Amino acid sequence: MVPASTPEGGERTTRMRRFMEEAFPLCRSITGGGVRSTLDLINAELDGLELERHEVPTGTSVLDWTVPNEWNLVRASLDGPDGPVLNTDDCNLHVVSYSVPVDTEMSLEELRPHLFTLPDHPDAIPYRTSYYNETWGLCLSQRQLDSLKDGRYRVRIDATLAPGHLSYGEVAIPGARSDEILLSTHICHPSMANDNLSGIAVLCEVGRQLKAKGNLGHTVRLLFIPGTIGSITWLERNRDAAERIKAGLVLAGAGDPAPATYKRSRRSTTRTDLAMARLVTARGGEVIDYYPYGYDERQFCSQGFDLPIGRLSRSIHGSYPEYHSSADDLDFVDDDTLTDTVGLVLAAIDALDNEPRFLNIAPEGEPQLGRRGLYGSVGGAITDKSTEMAVLWMLAYSDGDHSVHDIAELSGLDLDALQAATDALVEASLLAPA
Ligand code: ZN
């Protein structure tokens, strides 16, 4: 972990925090002006990398979904018998995202079904959405709800829900190869820091550092999209690009002060999975298996695409009390953790770019190793069993995808044995560099 106090680490951290402070108040949702303003800020953070902006019209069919109406909030407020109760100028979590416009009066009892709280965390305002079911609602702390008196209440939600566009942004940082590493993060959550300004800040920092470093092997594509509908829209419009993706990560919840968690892809032993397992474990983090819930990995790993994409987080979503509430504020995110997450992503790209990979050029059946002196005790330079096993593992997994490091992890054999086997197999014209 690079401490924030070092000049280099400190400067990066300050920039990530400054971005989060600036973006925090914006009223983001899956569409609307808050998303566009956030994309403006992201573009400014990318230091000359050109963010390609997309606007997809309402009603567009995307896989099994349809791009919804665009939602824009001006202001929501609640006034009661004793005066103002809440308004979204103070905190935009007070309104259920995608609430239809409302201007009405009602009793407290009539109002109650539209009020949302977190009884177990009585001081926090919950985050609620209703994207695909037209309704309205307000969110407040349980303590505030408990203080409301009977009487007449005036609800005003000054918003528009009308045909418009879904907005997202992407940038490709070119490498020597057209094969891609995809790094994706969601930009649809309003004023919460860990979920997911942390992911956006980390991805911008990764982009800046990759641009400064240059000399990439893979092309690295950064994707800033609204959750679920954004990745579904991107996949619909990028079926070809999906074929070029050799590795990738969904970044979400990247800044709370917990060790890293890597969630494997559905395929579970892709090069992304093996590299991330090594890196995260070495830093004291946890590796968990794929399950079909969470963030956009659900879409990228859906059967029709089945991409080699896992998810990098700190705490797992839903497992910490601040999750999806006003308690997920800027103080909840730790600068050193953000820097550590950036380091993990960069280390993963470095591993994916630079670990040696080979291709078995006689992949149909096992090649006859004995006559080449690669198996058995007669006539060969290689006689010990561990090297024989290393020969078999290298042949079995050298598909151009798995690196020697990956094969070490899969086999439990040490790198030296695999390297010796590799040298012998290259010499025998059975392996070639991928
Ligand atoms: Zn979330």
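Modeller: Here is a walk through the ring pairs. Keep in mind that this is a predicted model, where local features need pLDDT of at least 70 and side-chain atom pairs count only at pLDDT 80 or more, while totals for chains, interfaces and linings use all residues. Numbering starts from 1 along each chain as its sequence is written, and side-chain values use heavy atoms, with hydrogens and water left out.

A pair of aromatic rings is described by the distance of the centres and the angle of the planes. Rings of Phe, Tyr and Trp (its six-membered ring) pair if their centres lie within 6.5 Å; planes under 30 degrees apart are stacked, over 60 edge-to-face, and the rest tilted. That rule gives 8 aromatic pairs.

Take Trp71 and Tyr98: they're stacked, at 5.8 Å centre to centre with 25 degrees between the planes. Trp71 sits in strand β4 (residues 70-80) and Tyr98 in the loop between β5 (83-87) and β6 (102-107), so this pair ties together parts 27 residues apart in sequence. Strands here are DSSP runs of E, at least two residues, numbered from the N terminus. Both Trp71 and Tyr98 are buried, meaning under 20% relative accessible area (1.4 Å probe, protein chains only).

For another geometry, go to Tyr320 and Tyr323: their ring centres are 5.7 Å apart and the planes are at 85 degrees, so that pair is edge-to-face. Tyr320 is buried too, with a relative accessible area of 8%.

Back to Trp71 and Tyr98: ring pairs link them with Trp65, Tyr131 and Tyr132 into a cluster.

Note on methods:
Helices (H or I, at least four residues) and strands (E, at least two) are DSSP runs, numbered from the N terminus. Buried means under 20% relative accessible area, exposed over 50%, partly exposed in between (1.4 Å probe, protein chains only).
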